[in-house]
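Please examine the sequence and the 3D structure shown here.

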Amino acid sequence: MSRVSQDLVATCWTTAGTAVPDGPSERSSFSARERVSAAADAGFVGLGFVVDDLEVVRDSIGFEALREHADRVGIRHLEVELVKDWWRDPDERPWRARWELLAEAARVFGSPMVKIAPPPAPTVDSLEPYVGPFRRLADEAAGIGTRLALEPLPFAGISSMPQGSELVRAVDHPHAGLVVDSWHVFRAGTSLDELRHTLDPATVIGVEVNDADALPQPGLSLFEDTRDNRRYPGEGAQDVVGFLRTMAEVGWSGPWGVEMLSTEHRAKSLADALDAARDTTLRCLRLAGADRQPA
């Protein structure tokens with residue numbers, strides 16, 4: 001097997017400071033320029049931004065200036081998120097305004113993907129209502145040179161990677177695919193063998209790693225668990241090394257997104273948070289690579 005890539009992307013929450021998903025604002029406590037510089041200093045090849053961050057960039061330095069700064073410091077990969085409500089009327093606001101902002105940022109940044117959210121819980125009975133809207137939006141993504149990456153979530157309407165794969169197969173569009181996050185794979189109860197057999201390598205657009213305790217703390221929802229109690233890769237109970245090895249076997253060659261969300265992570269300085277995310281992930285990647293070397 002070929003060498004496992006060591007390239008890392010600090011996905012949006014890894015550099016977001018005190019911001020949290022679905023908070024009153026998802027705007028980072030650090031500027032976009034600070035985050036780009038810090039990611040480069042820590043050895044990452046890329047990072048991500050959410051809509052609230054992008055609104056600030058658009059209204060201040062502009063997307064072009066941020067892309068130029070990223071180029072200067074050696075950041076080549078900028079990804080953006082999150083498209084919500086994409087299955088609704090294509091002329092409906094505010095989801096169209098949100099998509100248009102993400103699309104413009106992705107165009108200027110040369111983003112390889114724009115993440116899209118699954119519908120809310122409970123798990124949907126039929127994928128049919130989502131096929132046409134996903135395909136239409138993928139056509140728009142193709143027009144700006146990016147791809148749509150759906151992230152199944154165990155607490156959402158598309159709640160597992162097998163279900164997400166089924167939807168992407170039905171959409172059957174080269175600009176529609178999946179982002180595969182280890183936390184969501186394991187918390188959904190998907191085995192690594194099932195993951196290996198359900199994924200089409202051509203539709204895997206992004207891969208993200210982190211870790212978790214064996215079970216959520218009593219009284220916490222899965223959303224609260226994922227928001228506040230993720231662990232750094234290799235510091236929890238999930239088989240992160242096995243996940244990395246499985247994704248490499250599926251055909252993923254990187255870069256690897258590191259998506260850290262936890263109270264512990266948010267309390268660190270930006271540099272310390274990135275160092276912890278990098279060091280723990282690289283340790284797992286080395287183990288995954290070593291496990292695949294011939295005796």
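Arg67 is buried, with a relative accessible area of 9%; buried means under 20% relative accessible area, exposed over 50%, and partly exposed in between, with a 1.4 Å probe and protein chains only. This is a predicted model, in which local features need pLDDT of at least 70 and side-chain atom pairs count only at pLDDT 80 or more, while totals for chains, interfaces and linings use all residues. Residues are numbered from 1 along each chain as its sequence is written, and side-chain values use heavy atoms, with hydrogens and water left out.

Arg67 belongs to helix H3 (residues 63-73). Helices (H or I, at least four residues) and strands (E, at least two) are DSSP runs, numbered from the N terminus.

| Partner of the Arg67 side chain | Distance |
|---|---|
| Asp71, side chain | 2.9 Å |

Leaving aside residues up to four places away in sequence, Arg67 touches Ile75, Arg76, Leu78, Val108 and Phe109, where contact means heavy atoms within 4.5 Å.

The second topic is strand S6. Of the 6 residues of S6 (residues 176-181), 6 are buried, so this strand is largely enclosed by the rest of the structure. Strand S5 (residues 148-150) runs parallel to S6 and is joined to it by 3 bridges; two strands pair if DSSP finds at least two bridges between them. Within this pair, Leu150 stands opposite Leu178 of S6. From S5 the chain passes through helix H6 (residues 161-171) to S6 in a right-handed β-α-β crossover, which means that, with the strands pointing away from the viewer, the path from the first strand over the helix to the second runs clockwise. S6 also pairs with strand S7 (residues 204-209), in the parallel sense and over 4 bridges. Here Leu178 stands opposite Val204 in S7.

Finally, the chain as a whole may be described. The chain contains 12 helices and 8 strands. Buried residues account for 56% of its 295 residues. Its C-alpha atoms fill a box of roughly 55 × 45 × 45 Å, taken along the principal axes. Among contacts in the chain with a separation of 6 or more, 80% are between residues 24 or more positions apart.

Key
A polar contact is a pair of N or O atoms within 3.5 Å; within protein, one must be able to donate a hydrogen and the other to accept it, and residues adjacent in sequence count only if both atoms are side-chain atoms.
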